Amino acid sequence: MNMNEQKQNELVLEMTGITKEFPGVKALDNVKFALRQGTVHALMGENGAGKSTLMKCLFGIFLKDAGTIKVSGKEISYKNAKEALENGVSMVHQELNQVRQTRVVDNIWLGRFPMQGIVVDEKQMYDRTKKIFEDLNIDIDPKEKIENLSVSQAQMVEIAKAVSYNAKIVVMDEPTSSLTEKEVHHLFRIINSLKEQGVGIIYISHKMEEILEIADEVTVMRDGKYIATESADDLTTDRIIKLMVGRDLTNRFPEKKNKPSEVILEVKELKSFYAPKVKGVSFELRKGEILGVAGLMGSRRTELLETIFGISKKESGNIYLHGKEVKNNNAREAIKNGFALVTEERRKTGLFAGLSVYFNSIISNIDSYCSGGVINESKSKVDTKWVIDSMRVKTPSEKTKIGTLSGGNQQKVVIGKWLLTNPEILLLDEPTRGIDVGAKYEIYQLINELACNGKGVIVISSEMPELFGITDRIIVMSNGHLAGCVETASTTQEEVLALAAKYI
Amino acid sequence: GSKEKDAEPTGGNDSNQSSSEKDQGNKGDNSADKPKVGVTIYKFDDNFMTYTRNAMTSAAEGNAELVMNDSQNNQSVQNDQVDVMINKGVKALVINLVDPGAAPTIADKAKAADIPLIFVNKEYPEGTDKIDYDKVWYVGTQSKESGDIQGKLVAEAWKAHPEWDRNGDGVMQYVMLMGEPGHPDAEARTKYSVEYIKDEGIRVEELEKQTGMWDATKGKELMTTWLGKEGDKIEMVLCNNDGMALGVVEALKADGYFSDGKYMPVVGVDAIPEALDLIQQDIMLGTVLNDPLNQGRVSIEMAINSAAGKDVLDGLDFSLDETKAVRIPYQPITKDNLDLAKKAYGME
Amino acid sequence: MDKIIRKISFDKKKISDLLLKYAIYFVLLIMIIVIIIEDSSIVSWRSLATILTQASTRCMLALGVGGIIVLAGTDLSIGRMVGLAGVVGASLMQSPGFSRRIFPNLPTSGWFIALSILFIILLVTFASFINGWLTAKLHITPFIATLGMQLVLYGAASSYYNALGGSPITSLNEGFKYIAQGKLLKLKFGSDEFYISFLMIFALISILFIWFIWNKTRIGKNMFAVGGNAEAAAVSGVSIVKTTLIIYVIAGVLYGAAGLLELGRTGSATNNLGLGYELDAISACVVGGVSLMGGVGSVAGIVTGVIIFQVINFGLAYIGVDPYLQYVVKGMIILIAVAIDTRKYIKKK
Amino acid sequence: MDKIIRKISFDKKKISDLLLKYAIYFVLLIMIIVIIIEDSSIVSWRSLATILTQASTRCMLALGVGGIIVLAGTDLSIGRMVGLAGVVGASLMQSPGFSRRIFPNLPTSGWFIALSILFIILLVTFASFINGWLTAKLHITPFIATLGMQLVLYGAASSYYNALGGSPITSLNEGFKYIAQGKLLKLKFGSDEFYISFLMIFALISILFIWFIWNKTRIGKNMFAVGGNAEAAAVSGVSIVKTTLIIYVIAGVLYGAAGLLELGRTGSATNNLGLGYELDAISACVVGGVSLMGGVGSVAGIVTGVIIFQVINFGLAYIGVDPYLQYVVKGMIILIAVAIDTRKYIKKK
Ligand SMILES: Nc1ncnc2c1ncn2[C@@H]1O[C@H](COP(=O)(O)OP(=O)(O)OP(=O)(O)O)[C@@H](O)[C@H]1O
Ligand SMILES: Nc1ncnc2c1ncn2[C@@H]1O[C@H](COP(=O)(O)OP(=O)(O)OP(=O)(O)O)[C@@H](O)[C@H]1O
Ligand SMILES: OC[C@H]1O[C@@H](O)[C@H](O)[C@@H](O)[C@H]1O
Ligand SMILES: [Mg+2]
Ligand SMILES: [Mg+2]
């Protein structure tokens with residue numbers, strides 16, 4: 001027994017009887033949770049189960065209604081994040097909480113700037129950031145502004161920040177939602193070294209593979225209630241899913257029944273106008289086909305779909321739908337032409353956080369409820385109900401502000417709203433990010449159904465199993481170029497990864 | 001000696017023009033002989049001051065080049081404008097102050113540049129003679145006078161019309177609309193009009209008193225509220241100026257006054273043409289002429305005189321009082337002497 | 001036993017929730033009660049009619065800028081739009097019998113008046129359209145765009161006014177004045193009287209119209225989308241430019257109409273007409289719960305905001321509070337009202 | 001060949017990028033050139049000194065509100081803070097020789113003047129602190145909080161002014177006036193003259209002070225964080241309340257000082273002093289690139305904004321444009337300047 005293992009029995013965190021109610025929802029109902037030193041404790045549950053809320057109660061963002069929280073045996077009740085941070089609790093938040101207008105260094109040291117007298121010690125700030133990045137093997141310029149980073153880079157900065165507090169408890173709420181596989185492994189190395197140092201880690205994720213790989217223990221919640229805590233060694237994916245969903249879910253991916261037929265979409269030599277550029281990409285999409293897009297972070301997958309959809313300016317190249325050229329100069333045109341795009345950054349480009357679920361459901365499809373500019377509400381209400389029901393959105397009502405839903409449920413509404421437009425070509429950019437297994441299955445099923453009904457679907461995903469599980473073909477992007485196109489049935493992960501590195 | 005030439009600048013334009021043309025010929029510069037005079041108006045869109053500044057413009061025609069400034073009711077802006085004009089090299093300043101108390105500060109600036117300075121319409125409360133500068137004068141009225149005259153007008157009419165005491169209690173129930181607070185004219189009119197009426201032995205009761213900021217819209221709103229509140233109790237409306245009186249009349253009309261024999265006496269000050277129309281139509285009882293033509297003309301004449309190093313009153317029919325001020329008299333205006341006012345406003 | 005206690009506390013919570021939700025109305029109520037205690041004679045049908053009539057044009061202006069604020073914009077040029085409508089309107093629509101008409105040869109028929117009204121509404125709408133264009137197309141922040149417009153309009157209207165002689169333009173066409181000052185209906189209650197003024201009707205039409213636009217039409221939804229998250233709106237296929245322009249045009253129509261009604265109400269115009277109206281209109285919106293950050297607001301809220309301000313103004317003038325003290329009291333009331341109302345938005349921790 | 005072409009177009013791009021980046025300065029330059037063409041006599045050391053002196057107090061006010069805007073707030077009470085400082089300051093610091101002093105028994109020593117200055121700065125700072133408290137603690141939107149404060153301050157200062165007699169408070173202490181009107185240094189160039197006024201020094205100190213706070217201290221960084229993303233700041237352990245309060249306090253100190261200097265410059269006070277200053281100050285910030293949405297702004301930008309406005313005011317008055325036309329021209333210049341400057345922010349999509 002090494003020292004680390006001895007210590008593992010010590011509880012660094014003990015939460016019991018935690019209850020928290022929001023208007024219309026009991027988010028937490030008598031929940032318990034315990035974290036041992038030097039271990040990774042995964043917290044799992046469907047979207048809206050209350051995982052983030054539980055962590056926010058610990059971190060002082062929410063005040064719990066009832067229950068006790070003990071850190072290292074001492075009862076605490078942090079009133080704000082500052083207290084939590086000062087007492088050795090740090091957190092990677094599910095929604096990127098960064099000041100986008102300022103630099104990486106400013107974000108990392110926010111709330112604890114190193115001082116030299118009354119002056120902020122810029123040099124120390126820079127040097128220490130460099131050091132942290134070096135230790136964690138992160139290649140980002142500390143002086144870059146956050147708004148100029150890609151989502152995954154921003155995510156890595158968040159992780160580095162949480163780690164740099166030298167906390168005894170680190171909460172990671174879906175830290176890998178925007179990371180590529182390579183980065184995920186990178187993160188795991190970081191987590192392992194934290195474990196070595198005796199840090200307790202709470203890890204929230206919907207990705208089963210990750211959980212089984214990194215977690216020591218798993219606690220499952222459902223509908224705001226505690227369900228079970230089990231050792232990860234004894235767990236299987238199916239068992240976790242069963243605990244989460246409350247029933248068996250044998251297959252992760254639905255059976256594929258779609259039959260790709262003739263070509264409906266042709267993209268020829270597409271180049272985007274502004275950097276980061278897509279540099280001349282050509283491919284075809286067939287009717288009833290599900291086409292995957294693979295690539296490393298920054299390989300312009302997003303840029304490719306955004307250019308096709310018209311929200312990113314095109315420099316040259318053509319798009320043909322049913323052999324007829326379409327211009328897609330802006331989203332409106334694209335929608336009219338039968339395109340739909342579920343964007344990558346939900347908060348920034350997908351949601352109207354301050355508005356209702358109803359509003360968010362119908363806005364992209366508004367034309368079809370209007371005659372002479374006036375909305376037919378009976379129709380739009382029916383459709384909203386469809387979104388809530390078919391996507392299984394957990395919401396108190398259709399009038400609820402979407403911003404108060406859990407992250408996964410927000411995403412479901414966003415996908416639902418695009419399905420309402422009944423698109424011919426559905427473009428999906430990381431559509432299952434932050435979505436629980438049950439819901440993922442439902443989304444895959446929807447994608448399948450659409451394909452069966454003769455639509456074309458293009459999916460960007462950084463999760464290889466997902467790409468392999470649902471697509472017919474995969475195109476691989478590498479540094480703005482199309483590196484290749486493979487048949488899903490006959491390719492391997494290795495081949496895809498090799499293609500992804502082709503133009504680097 | 002040059003009295004003749006400058007005696008009547010408006011009428012004597014011809015001689016002036018020719019003399020300046022001669023000088024132009026000498027110097028070979030177009031505007032060299034016409035002195036630049038810097039003018040600031042406390043607020044360009046003030047009703048009465050618009051007449052005054054128009055009078056200034058016509059008085060300056062051919063004799064001086066005016067540089068007009070709108071001080072936007074902001075003393076600090078006015079200070080800046082004075083600096084600009086001094087930088088620009090004006091030969092005299094005609095200043096309608098925003099804050100009458102700022103006179104010495106402006107005078108300091110003028111003094112440092114050795115430029116003569118004429119204040120107009122708003123008077124330094126301590127008296128212009130108390131300002132430490134020899135080349136500073138004031139053109140305006142004697143504020144108290146307007147109050148007295150308005151009071152007199154009201155008292156006489158009230159005595160002639162016993163039926164105006166609608167409730168027959170022998171007391172005149174009045175409402176008062178004040179001008180801008182702190183303005184010497186506003187303070188004096190509010191105070192002395194009522195005092196005069198009382199001195200005439202009339203018992204009064206003040207039902208309401210608020211400031212309408214010289215402004216018609218505000219006047220109307222206040223009067224509407226008061227009519228709702230006091231109803232028939234109001235027997236007389238005193239306004240510090242005609243602008244507000246116009247608003248009051250609108251409110252009264254909307255309440256059914258001035259038709260079917262329903263009447264309410266309203267008085268103002270200034271005698272602007274719109275008020276004269278109302279007097280003509282037997283709607284307003286009367287007003288007090290606040291002579292813009294002379295205030296504008298005299299201030300410019302004085303500026304030109306002093307810029308030329310002449311006696312400041314050279315060619316003018318006015319004299320300075322002991323505070324270095326030229327007092328343009330107020331005149332009572334009723335239906336009987338409308339022409340007098342019309343002339344002062346250049347309407348004839 | 002336990003259950004009963006829980007029940008009671010639940011009800012208590014419900015009541016306090018209710019109190020919070022309608023806080024602004026309770027504040028209004030309390031304000032009215034205090035004013036009545038001070039001077040009970042204010043309670044009359046006539047007061048009510050006066051308040052509603054006086055609130056009418058303000059309500060139209062607030063409804064106009066309300067949409068712009070929902071778009072996360074603002075409008076500093078409102079007052080000057082009113083001023084422009086006033087000055088131009090007055091110069092075109094003087095009474096035929098008036099001897100000193102500015103344009104003595106202008107027709108005075110009903111047709112011409114109608115045409116003038118149309119022309120002025122178009123003029124103001126055009127100015128507001130330009131505001132929208134400056135923001136949506138040239139990407140000038142609304143604050144600066146409308147500040148620039150404020151200056152330009154004031155300068156233009158003033159130059160015009162000055163060219164016409166620079167003195168108040170009075171003696172308006174009686175028919176025109178009647179539109180703004182007339183009453184549709186009078187109801188006598190003894191010595192008291194309630195009336196329905198045309199102004200109230202205009203305000204009511206505007207309220208219904210805007211309510212319909214905001215809640216029942218595509219442009220309304222698009223407005224909330226653009227204000228709530230412009231980027232997401234663009235991705236959802238909403239044209240930001242078109243939406244912005246339409247909302248500014250609607251505002252322009254309301255400004256133009258309100259400006260003309262203000263003119264008719266005042267019965268005369270100077271270039272000063274409308275000064276500071278933007279602050280009143282924006283404040284009413286904000287007190288009524290329209291968020292300056294965009295995306296949030298309701299017609300009912302705006303109307304309440306306008307009425308609150310009008311009750312404060314009328315009430316304080318009525319009970320005869322010293323004018324300067326009125327400012328203090330008014331400021332305090334606004335702060336207290338909004339502080340209480342804000343409770344309901346504060347995130348539960 | 002291909003490479004060369006790319007090289008050239010790259011350089012071209014660089015130049016146009018540069019032009020874009022410093023657009024606002026080019027606009028300023030062009031403006032100055034046009035003014036000079038109109039009337040070249042404006043080119044003098046004296047003009048420069050006058051412009052800088054006149055810009056001084058405005059610069060201090062803009063720097064004060066600048067921080068508040070970076071916090072995504074606003075301040076409508078600035079003008080009335082200046083007014084408060086003016087009225088109270090004037091009443092306390094009248095010249096000993098003046099016969100009609102309001103408080104004839106008040107001391108007139110240098111110490112008392114110093115004490116009065118301190119007291120007034122504290123008074124104004126307290127008012128600004130309350131603004132901060134209303135926003136940060138009671139969560140009232142800054143627009144309404146400072147609107148309420150505007151009314152309260154105006155009412156209070158006016159009531160005080162009225163109680164003192166309601167007429168301009170004049171004959172200020174000479175020493176005090178000297179602080180605001182004095183010159184440290186005069187440099188003669190023939191008939192021309194440049195001078196360094198005390199006002200310039202005060203402005204310079206304020207600029208350096210605020211630059212230091214914004215760029216070098218913790219509170220400055222926290223300010224940008226709170227303004228940029230309040231939630232992110234909160235979860236990083238930044239106290240929003242504390243940050244907000246400090247920024248409002250700093251603004252208060254600047255307002256108080258600027259108010260006193262305005263008083264000294266005017267040499268007299270009425271309750272009207274300061275009217276509308278908030279619009280000038282906020283506009284200067286916005287033209288200088290401070291975003292009303294918060295999180296973005298620079299001291300250099302604010303100073304440029306202030307100077308642009310001052311050059312416009314000075315230049316237009318100097319070349320003697322008709323006052324009403326001045327509004328039109330000013331409005332146009334602002335629109336054009338900002339339209340050009342905005343090019344650089346337009347997202348490249
Ligand atoms: N601020 C809030 N106001 C109201 N309801 C809230 C708020 N925050 C969370 N909720 C509700 O609490 C419940 C739990 O949400 P939470 O974010 O904890 O879920 P989660 O388990 O983290 O889900 P996900 O996997 O989708 O992130 C949800 O029903 C959500 O709508
Ligand atoms: N330097 C930059 N400036 C502005 N926007 C950028 C920049 N870099 C990336 N982006 C934006 O970030 C998004 C993602 O970029 P990109 O298409 O290069 O990555 P990706 O391959 O889709 O990677 P991922 O799937 O991780 O997002 C796009 O919307 C792109 O326009
Ligand atoms: O200072 C401005 C004021 O001057 C007064 O003399 C005049 O009566 C008022 O109407 C107003 O113009
Ligand atoms: Mg969550
Ligand atoms: Mg009587």
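Modeller: Start between chain B and chain D, where 16 residue pairs are in polar contact, both residues at pLDDT 80 or more. The elements of chain B that give two or more residues to the side touching chain D are β2 (65-70), α4 (75-88) and α5 (103-113). The most comes from α4(B), with nine residues. By class, that side of chain B has ten nonpolar, eleven polar and ten charged residues.

Biologist: What kind of model is this, and how are its parts numbered?

Modeller: It is a predicted model: local features need pLDDT of at least 70, side-chain atom pairs count only at pLDDT 80 or more, and totals for chains, interfaces and linings use all residues. Residues are numbered from 1 along each chain as its sequence is written, chains are lettered from A and ligands numbered from 1 in the order in which they are written, and side-chain values use heavy atoms, with hydrogens and water left out.

Biologist: What makes a pair a polar contact?

Modeller: A pair of N or O atoms must lie within 3.5 Å. Within protein, one must be able to donate a hydrogen and the other to accept it, and residues adjacent in sequence count only if both atoms are side-chain atoms.

Biologist: And what makes a residue nonpolar, charged or polar?

Modeller: Ala, Val, Leu, Ile, Met, Phe, Trp, Tyr, Cys and Pro count as nonpolar. Asp, Glu, Lys and Arg are charged, and the others, Gly among them, are polar.

Biologist: Why are the side chains of D:Asp39 and B:Lys88 said to meet in a salt bridge?

Modeller: The rule asks for a side-chain nitrogen of Lys or Arg within 4 Å of a carboxyl oxygen of Asp or Glu. D:Asp39 and B:Lys88 have N to O at 3.3 Å, so they pass. Across the interface of chain B and chain D the rule finds three salt bridges.

Biologist: What makes a stretch a helix or a strand?

Modeller: Both are DSSP runs, numbered from the N terminus: helices are H or I, at least four residues, and strands are E, at least two.

Biologist: Which atoms are the protein donors of the magnesium ion (ligand 5)?

Modeller: They are B:Asp165 (OD), B:Asn167 (OD1), B:Asp169 (OD), B:Val171 (O), B:Gln173 (OE1), B:Glu235 (OE) and B:Glu235 (OE), lying 2.2 to 2.6 Å from the ion. B:Gln173 is in strand β6 (residues 171-178) and B:Glu235 in the loop between α8 (216-230) and β8 (236-239) of chain B, so the pair ties together parts 62 residues apart in sequence.

Biologist: How do you know that these atoms are donors?

Modeller: Donors are N, O and S atoms within 2.8 Å of the metal (3.2 Å for Na, K and Ca). Water is not among the atoms, so sites may look incomplete.

Biologist: Why do B:Gln173 and B:Glu235 count as buried?

Modeller: Buried means under 20% relative accessible area, exposed over 50%, and partly exposed in between (1.4 Å probe, protein chains only). B:Gln173 has 4% and B:Glu235 has 1%.

Biologist: Why is B:Glu200 called partly exposed?

Modeller: Its relative accessible area is 32%, so it falls in between. B:Glu200 forms a salt bridge with B:Lys159, the closest N and O atoms being 3.0 Å apart. This pair links distant parts of chain B: B:Glu200 is in the loop between α7 (184-199) and β7 (203-211), B:Lys159 in helix α6 (residues 143-160), 41 residues apart. B:Lys159 is partly exposed too, at 46%.

Biologist: Which residues is A:Lys242 in contact with, leaving aside its neighbours within four places in sequence?

Modeller: A:Arg222, A:Arg247 and A:Asp248. Contact means heavy atoms within 4.5 Å. A:Lys242 is found in helix α9 (residues 237-245) of chain A. Its relative accessible area of 36% makes it partly exposed.
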